[in-house]
Amino acid sequence: MAEKWDATSMKSVLRAVAPMCVGLALFAGVAYAQDTGGDAASAAVVSAHLSAADQVWVARIEQTLNHALTFEARIQQIDADGKRTTGRVWMKRPGQMRLAYDPPSPLLLVANQGKVVFRDSQLDQTTVIPMDRTPLGLLLAQHISLSDGVTVTAFRHEAGLVAVKLVRTSAPGDGSLTLVFYDNPLALRSWSVLDAQGRETRVTLFDVHPGADVPASLFDLPAQPDE
């Protein structure tokens, strides 16, 4: 059973999986401005006051993210209700990602060929979304930017960790993403997503393999029966 893409199905799918997928780098749970509109999209964005040293760290973070052409990691997610879920994610930029929750979860997301395909094997449902209409379109871009369409609203560096809070500039009311890095060497440790309803999802990475040799077959798209 395949679903045609529309704004409602897109938001439903992204709310289910974005906190995990985007945490690899950017923008999970902060978007939907093109489809939601309203007061959230019109809220004023307030930039953090960054010292010269802070700006150097932000530039280093952007550089680190852009150097991550391939990536594999285990993920532990704790949602707003305290539910703990684990899974594995693989990424190859530009344009490819696979996210699979551990059994018994039936969920699988694969991004490739300009589309994001979300598969729920339990419900026998497949949802297809154009990649450029999702946060993954930004994450999997040839170049990741922390200033082009994104605003840094908070920054903290202490106890060996660097944290940067981001919102989408055009729609800051839609939510925020906080990325947390080890500072030496600079490496992504965790992220948290705060959605427009104030619900937070936290994700921690472990068994991380940046630069992993990721087989191309991992990004084969699930069958789309109605296409």
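The legends below describe close-up views of one predicted model. Local features are given only at pLDDT of at least 70 and side-chain atom pairs only at pLDDT 80 or more, while totals for chains, interfaces and linings use all residues. Residues are numbered from 1 along each chain as its sequence is written, and side-chain values use heavy atoms, with hydrogens and water left out.

**View 1. Overview of the secondary structure and burial.**
The protein has five helices and twelve strands; these are DSSP runs numbered from the N terminus, helices being H or I with at least four residues and strands being E with at least two. Of its 227 residues, 50% count as buried, where buried means under 20% relative accessible area, exposed means over 50%, and partly exposed lies in between (1.4 Å probe, protein chains only). Among the contacts with a separation of 6 or more, 56% are between residues 24 or more positions apart; a contact means heavy atoms within 4.5 Å.

**View 2**
Strand E5 covers residues 107-112, and six of its six residues are buried. Leu107, Leu109 and Ala111 point one way from E5, and Leu108, Val110 and Asn112 point the other way. E5 pairs with strand E4 (residues 96-101) in the antiparallel sense over four bridges; two strands pair if DSSP finds at least two bridges between them. In this pairing Arg98 has Val110 of E5 as its bridge partner. Five residues lie between E4 and E5 in their hairpin. Strand E6 (residues 115-120) also runs antiparallel to E5, joined to it by six bridges. Here Leu109 is the bridge partner of Phe118 in E6. The hairpin of E5 and E6 has two residues between the strands, and Gln113 takes a positive phi near 55 degrees.

**View 2. The hairpin of E8 and E9.**
Strands E8 (residues 150-158) and E9 (residues 161-168) are antiparallel and paired over eight bridges. Val152 stands opposite Leu166 of E9. Two residues separate the strands of this hairpin, and Ala159 in the turn has a positive phi of about 50 degrees. A salt bridge joins Glu158 and Arg156, whose closest N and O atoms are 3.4 Å apart; the term means a side-chain nitrogen of Lys or Arg within 4 Å of a carboxyl oxygen of Asp or Glu. Glu158 is partly exposed at 48% relative accessibility, and Arg156 is partly exposed at 45%.

The structure holds seven salt bridges. In one of them, Arg88 meets Glu72, with the closest N and O atoms 3.0 Å apart. This pair links distant parts of the chain, Arg88 being in strand E3 (residues 84-92) and Glu72 in strand E2 (residues 70-78), 16 residues apart. Both Arg88 and Glu72 are buried. Another salt bridge joins the side chains of Arg199 and Asp81 at 3.0 Å, N to O. Arg199 sits in the loop between strand E11 (186-195) and strand E12 (200-210), Asp81 in the loop between E2 and E3, and the two are 118 residues apart. Arg199 is partly exposed, with a relative accessible area of 39%, whereas Asp81 is exposed at 61%.

**View 3. Ser176 in strand E10.**
Ser176 belongs to strand E10, which spans residues 175-183. Its relative accessibility is 6%, so Ser176 counts as buried. Leu194 is 18 residues from Ser176 in sequence, but the C-alpha atoms of the two are 5.2 Å apart in space.

**View 4. The second largest pocket.**
The volume of the second largest pocket is about 310 Å³. Of the 20 residues in its lining, Phe71, Ala187, Leu188, Val208 and Pro210 are the closest to the centre. Helix H4 (52-67) and strands E10, E11 and E12 each give two or more residues to the lining. By residue class, the lining has 15 nonpolar residues, four polar and one charged. Nonpolar here means Ala, Val, Leu, Ile, Met, Phe, Trp, Tyr, Cys and Pro, charged means Asp, Glu, Lys and Arg, and the others, Gly among them, are polar. On a 1 Å grid over the protein atoms alone, a pocket is an open set of points where a 1.4 Å probe fits, with protein on both sides within 12 Å along at least five of seven lines, and lining residues have an atom within 4 Å of a point. Grid points are joined across faces, edges and corners, and the volume is the space filled by probe spheres set on the points.
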